[in-house]
Amino acid sequence: QITTVSGNEFLLQSDIDFIILDWFHAIKNAIDRLPKEQRITSRNLEFKLRRSSSIELLNNLDTESKEPKPEHRKSLIFRLNYSASDTNDRNRVKSRLKKFISRRPSLKTLQEKGLIKDQIFGSHLYLVCEHEKSTVPQFVRDCINAVEKRGLDVDGIYRVSGNLATIQKLRFVVNQEEKLNLDDSQWEDIHVVTGALKMFFRELPEPLFPYCFFEQFVEAIKIQDNATRIKRIRSLVKKLPRPNYDTMKILFEHLQKIAAKESVNLMSTQSLGIVFGPTLLRPEKETGNMAVHMLYQNQIVELMLSEYSKIFGSEED
């Protein structure tokens with residue numbers, strides 16, 4: 001937190017030390033580039049801030065209030081007073097900032113103490129499952145249960161977007177709290193639940209279909225003979241890591257139920273393929289074949305929904 005001599009306060013926050021140092025140097029360099037006003041003594045030279053909507057200066061040096069600034073905790077507040085001839089202030093700020101950074105506990109330490117919980121969104125699937133001692137994230141199960149309870153008949157389910165601000169709020173709650181109640185009135189819009197579920201899969205560092213399988217699935221969907229194509233995709237699915245396979249199975253079983261209500265919700269297997277194709281599988285490095293890849297991504301999801309029992313069923317099936 002930085003408090004300027006004009007009374008403005010700015011909060012800059014990061015868990016990464018070198019980013020904080022970059023901020024410090026950026027602020028220092030900006031101060032160094034300010035024009036020097038020689039007629040002002042070294043102790044009185046202060047920053048002039050301009051309003052974003054006006055060119056008028058906020059604080060005129062001749063009329064500035066002489067009231068003392070309130071004192072704050074020294075470990076958090078850094079008062080940047082710059083003078084053209086006095087470098088002691090800058091050195092003191094730099095020293096205090098270094099001490100503050102060096103005393104900050106690491107992210108791992110904060111997690112071990114329970115002050116920062118493991119994130120659900122943005123974490124690898126296997127890490128989420130490992131933390132929960134399961135093979136399917138509980139959040140995925142909760143969302144699926146909520147949609148099947150009150151969203152199967154909703155027009156455009158999964159295609160219609162929910163309110164992004166509310167989705168982000170749900171994302172925050174999931175990352176911060178142990179228990180989630182999707183029956184709470186604040187999540188009554190089912191499109192918020194579906195939006196959050198899509199966001200969860202979209203933010204996986206590695207998609208549900210692992211990168212190393214992408215080209216293999218693309219080659220499989222290109223096979224002309226339908227029986228051979230299904231057999232090949234089934235073989236690839238069986239090779240997936242357990243968390244990926246189990247999560248994929250429960251998700252596609254759920255999406256199959258959505259497609260079964262197509263006459264009501266207007267979501268066919270093709271529509272679901274368009275929605276979930278780019279979300280569930282994508283190449284590690286985008287190339288010039290994005291449009292072609294998207295077509296194959298959609299077709300893979302569509303086929304797996306249409307032939308769910310053959311791909312995820314037992315050998316006898």
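Reader: Which side chain meets E307 in a salt bridge?

Author: This is a predicted model. As a general idea, side chains of opposite charge can pair when their charged atoms come close. Here E307 meets K310 in a salt bridge, with 3.7 Å from N to O. E307 counts as buried at 17% relative accessibility, whereas K310 is partly exposed at 47%.

Reader: How many salt bridges does the structure hold?

Author: The structure holds 7. One of them joins the side chains of R171 and E203, at 3.0 Å from N to O. This pair links distant parts of the chain: R171 lies in helix α6 (residues 164–176), while E203 lies in the loop between α7 (190–202) and α8, 32 residues apart. R171 is partly exposed, with a relative accessibility of 23%, and E203 is also partly exposed, at 27%.

Reader: What separates D246 and R242 in helix α10?

Author: An α-helix has 3.6 residues a turn, so residues three or four places apart point the same way. D246 and R242 are 4 residues apart in helix α10 (residues 242–260), and therefore about one helical turn separates them. They form a salt bridge whose closest N and O atoms are 3.3 Å apart. D246 is buried, with 15% relative accessibility; R242 is exposed, with 53%.

Reader: Which residues of helix α8 are buried, and where do they fall around its axis?

Author: The buried residues of α8 (residues 211–221) are Y211, F213, F214, F217, V218, A220 and I221. Viewed down the axis of α8, they fall within an arc of 160 degrees, so they line one face of the helix. They pack against α9 (226–238) and α13 (290–306). C212, by contrast, is exposed, with a relative accessible area of 54%.

Reader: Which residues touch the most other members of the largest nonpolar core?

Author: In soluble globular proteins, nonpolar side chains tend to be buried together. The largest nonpolar core here has 66 residues, of which Y158, F209, F252 and M304 touch the most other members. Neighbours within four places in sequence aside, the contacts of M304 are F209, I233, V237, M248, F252, I311 and F312. A second, separate core has 5 residues, among them I20, V93, L97 and I101.

Reader: How is the chain as a whole to be described?

Author: The protein chain has 14 helices and 3 strands. Of its 317 residues, 38% count as buried. The chain exposes about 19,000 Å², of which carbon and sulfur atoms supply 50%.

Terms used. Residues are numbered from 1 along each chain as its sequence is written. This is a predicted model: local features need pLDDT of at least 70, side-chain atom pairs count only at pLDDT 80 or more; totals for chains, interfaces and linings use all residues. Side-chain values use heavy atoms; hydrogens and water are left out. A nonpolar core is a set of buried Ala, Val, Leu, Ile, Met, Phe, Trp, Tyr and Cys residues joined through side-chain atoms within 4.5 Å. Buried means under 20% relative accessible area, exposed over 50%, partly exposed in between (1.4 Å probe, protein chains only). Contact means heavy atoms within 4.5 Å. Helices (H or I, at least four residues) and strands (E, at least two) are DSSP runs, numbered from the N terminus. The arc is that of the directions from the helix axis to the C-beta atoms. Accessible areas come from the Shrake-Rupley method with a 1.4 Å probe; for residues, only the protein chains shown count as cover. A salt bridge is a side-chain nitrogen of Lys or Arg within 4 Å of a carboxyl oxygen of Asp or Glu.
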